[in-house]
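Welcome, and thanks for taking a look at this one with me. Here are some notes to read beside the structure, point by point.

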Amino acid sequence: MHTLWMWLGFNLFVLVLLALDLGVLHRNGKEVGIREALWLSFGYFVLALLFGTGVWHFLGRDSAVEFFTGYLLEKSLSVDNIFVFVLIFSHFSVPSRYQHRVLFWGILGALVMRAVLILVGASIISAFHWVIYLFGAFLIFTGGRMLATINQEPDMEGNRLVRMVRRHCRVTEGYEGNRFFVRRDGLIFLTPLMVVLILVEVTDVVFALDSIPAIFAVTTDPFIVYTSNVFAILGLRALYFALVGIIHRFHYLKYGLSLVLMVVGAKMLINAAFGKVIPTEAALLVTAVLIGGSMLVSVFKTRVLPAGTAAAEARLGWVPGSPAKAEDKTEKKGEG
């Protein structure tokens, strides 16, 4: 199968999915219910399985294992985006019926930016093998940073990006329906919904700087890296609406995600130094154990959370550009 046709065919397939999503399923901008979100999440998961089966048939077993490992890794790391989306939407009081529109355009932008980052990253690794060591060290550092910020509440009022946008652009006081821009007296104003979209886009770029090096630890094939990223991102919207009401129940998943980044970074460094001594299958197994284990711990430890504690859990985490609130740096939540 010619490489060019694989790229063209896959991107055409993605465009059809996006057109179906915005133009048919959510044309009226209605709120996305949990039942619908679960079905959409399952649908995107099935599509990923079918695509992985096709990779096995056309490109071989090794490529298929790399795709499924990359997909699981990226899908797991994308959950961290959901924690941040909850923080952003809660702080800006974004109505539920507008959240899908923000996530649609945010994820469309994310697909474009990630494609660019993947192609650039693959070119750099191909030309300069030593960059792999930088990627591995960066992943270990990032995992440690995530561990340090798990129990911090971000100061959204002090977010540098939001303050910069409001300082340099005209922004309306309130929401103007689902519009990102409005015209008043011949002048263009941004709406708070656009401010939220900008923050979502920048957040994804920052998280991509973690997740893309992570998947390069699994494979350096740009097509496998790109397609596994796309399938993880495509299902992110539906996964958000499926989990938004219970995201506090997965607090300990953040620990699992942090450890995954550190383990993947260590794998990248070891394989770069000594050859492929750690197989892709091992990375798949370790990722599954860490993510699955942290989810089970989360469900067990948070099974009887009081309402107030549950609300506090949802406000913890890290948002790009937002410093931690000083009073929350040492505060720990009750567990039980």
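1. A definition to begin with: rings of Phe, Tyr and Trp (its six-membered ring) pair if their centres lie within 6.5 Å, and planes over 60 degrees apart count as edge-to-face. Please keep in mind that this is a predicted model. With that rule, the structure holds 22 aromatic pairs. One of them joins Phe 10 and Tyr 226, with 5.9 Å from centre to centre and 75° between the planes, which is edge-to-face. Phe 10 sits in helix α1 (residues 3–25) and Tyr 226 in helix α8 (residues 222–234), so this pair ties together parts that are 216 residues apart in sequence.

2. Are these two partners buried or exposed? Buried means under 20% relative accessible area. Phe 10 has 5%, so Phe 10 is buried; Tyr 226 has 7% and therefore counts as buried too.

3. The pair also belongs to a wider group. Trp 7, Phe 10, Phe 13, Phe 51, Phe 67, Phe 68, Tyr 71, Phe 223, Tyr 226 and Phe 231 form one aromatic cluster. Setting aside residues up to four places away in sequence, Phe 51 touches Phe 10, Phe 67, Phe 223, Thr 227 and Phe 231. Phe 51 and Phe 10 are 41 residues apart along the chain, and their C-alpha atoms are separated by 9.8 Å.

4. Now for the overall layout. The protein has 12 helices and 2 strands, and along the sequence they follow the pattern α-α-α-α-α-α-β-β-α-α-α-α-α-α. Among contacts with a separation of 6 or more, 81% are between residues 24 or more positions apart. Of the 336 residues, 50% are buried.

5. What about the interior? The largest nonpolar core has 89 residues, and Ile 88, Phe 92 and Phe 216 touch the most other members. Helix α3 (residues 61–91) gives the largest share of this core, 14 residues. Leaving out residues up to four places away in sequence, Ile 88 touches Met 156, Val 196, Leu 199, Val 200, Thr 203 and Val 319.

6. In helix α9 (residues 236–243), 8 of the 8 residues are buried, and Arg 237 is among them. Asp 204, in helix α7 (residues 192–216), counts as buried because its relative accessibility is 5%. Beyond its neighbours within four places in sequence, Asp 204 is in contact with Asn 81, Ala 110, Arg 114 and Ile 233.

7. Val 112, Val 116, Val 120, Ile 124, Phe 128, Trp 130, Tyr 133 and Leu 134 form a nonpolar patch on the surface, with about 760 Å² of accessible area together. The elements giving two or more residues to the patch are α4 (96–127) and α5 (131–149), and α4 supplies the largest share, 4 residues.

8. Why does Val 120 count as partly exposed? Val 120, which is in helix α4, has 44% relative accessibility and so counts as partly exposed; that label covers values between the 20% limit for buried and the 50% limit for exposed.

Conventions. Residues are numbered from 1 along each chain as its sequence is written. This is a predicted model: local features need pLDDT of at least 70, side-chain atom pairs count only at pLDDT 80 or more; totals for chains, interfaces and linings use all residues. Side-chain values use heavy atoms; hydrogens and water are left out. Patches are made of residues with over 30% relative accessible area and no salt bridge: like charges are joined within 9 Å, nonpolar side chains (Val, Leu, Ile, Met, Phe, Trp, Tyr) within 5 Å. Accessible areas come from the Shrake-Rupley method with a 1.4 Å probe; for residues, only the protein chains shown count as cover. A salt bridge is a side-chain nitrogen of Lys or Arg within 4 Å of a carboxyl oxygen of Asp or Glu. Buried means under 20% relative accessible area, exposed over 50%, partly exposed in between (1.4 Å probe, protein chains only). Contact means heavy atoms within 4.5 Å. A nonpolar core is a set of buried Ala, Val, Leu, Ile, Met, Phe, Trp, Tyr and Cys residues joined through side-chain atoms within 4.5 Å. Rings of Phe, Tyr and Trp (its six-membered ring) pair if their centres lie within 6.5 Å; planes under 30 degrees apart count as stacked, over 60 as edge-to-face and the rest as tilted.
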